[in-house]
Amino acid sequence: MRILDPNVDRNGSKDGSARRIMPMDVFESDGTVRLSFDLPGVDPDHVDVKIEGQVLTISAERASENTDDARWLWRERPSGTHFRHVRLADRLDTEHIDCEFARGVLEISIPVREEAKPRKIAISAGDHQQLEAAVAS
């Protein structure tokens, strides 16, 4: 039972660093799929979450430091606009997505559609008693 489609993710950014700036964890619990994205140093006002069909798009802009008068010695922290696309499985209810951003982590919760949740199917006894009576005769 898949939560995400096989082609889970397409990354993108101006400098190819989206995977470094936006690592993702995904798990399912209590009928809800939860996605967590690390966005260190990103202002919550510069985070955008969109859904189009079954594709969830997260974009985040991390401003670069004003260092016009500095000579860089080392630079690993990416800046600019970064985005991540996640193709969601059809079994998720994309009409009821909740998002929360706290301490540099974007948490997205998506419920599983009721009709897609596992359910127990009753088994009727059928004609078992009639067969026993016929065998006994």
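In these legends, a residue is called buried when its relative accessible area is under 20%, exposed when that area is over 50%, and partly exposed in between, using a 1.4 Å probe and counting protein chains only. The model is predicted, so local features need a pLDDT of at least 70 and side-chain atom pairs count only at pLDDT 80 or more, whereas totals for chains, interfaces and linings use all residues. Residues are numbered from 1 along each chain as its sequence is written, and side-chain values use heavy atoms, with hydrogens and water left out.

**View 1. D48 in strand β4.** D48 belongs to strand β4, which covers residues 47-52, and with a relative accessibility of 33% this residue counts as partly exposed. Helices (H or I, at least four residues) and strands (E, at least two) are DSSP runs, numbered from the N terminus. Although D48 and I58 are 10 residues apart in sequence, their C-alpha atoms lie 5.7 Å apart in space. When neighbours within four places in sequence are left aside, D48 is in contact (heavy atoms within 4.5 Å) with T57, I58 and S59.

**View 2. The salt bridge between D48 and K50.** D48 also forms a salt bridge with K50, in which the closest N and O atoms are 3.7 Å apart. The term salt bridge is used for a side-chain nitrogen of Lys or Arg within 4 Å of a carboxyl oxygen of Asp or Glu. K50 counts as exposed, at 53% relative accessibility.

**View 3. The salt bridge between R91 and E28.** The structure holds two salt bridges, and one of them joins the side chains of R91 and E28 at 2.8 Å, N to O. Because R91 lies in the loop between β6 (80-88) and β7 (98-102) while E28 sits in strand β2 (residues 24-29), the pair ties together parts that are 63 residues apart in sequence. R91 is buried, with a relative accessible area of 12%, whereas E28 is partly exposed, at 34%.

**View 4. The whole protein chain.** The protein chain contains two helices and eight strands, and its elements follow the order β-α-β-β-β-β-β-β-β-α from the N terminus on. Of its 137 residues, 31% count as buried. Among the contacts in the protein chain with a separation of 6 or more, 58% are between residues 24 or more positions apart.
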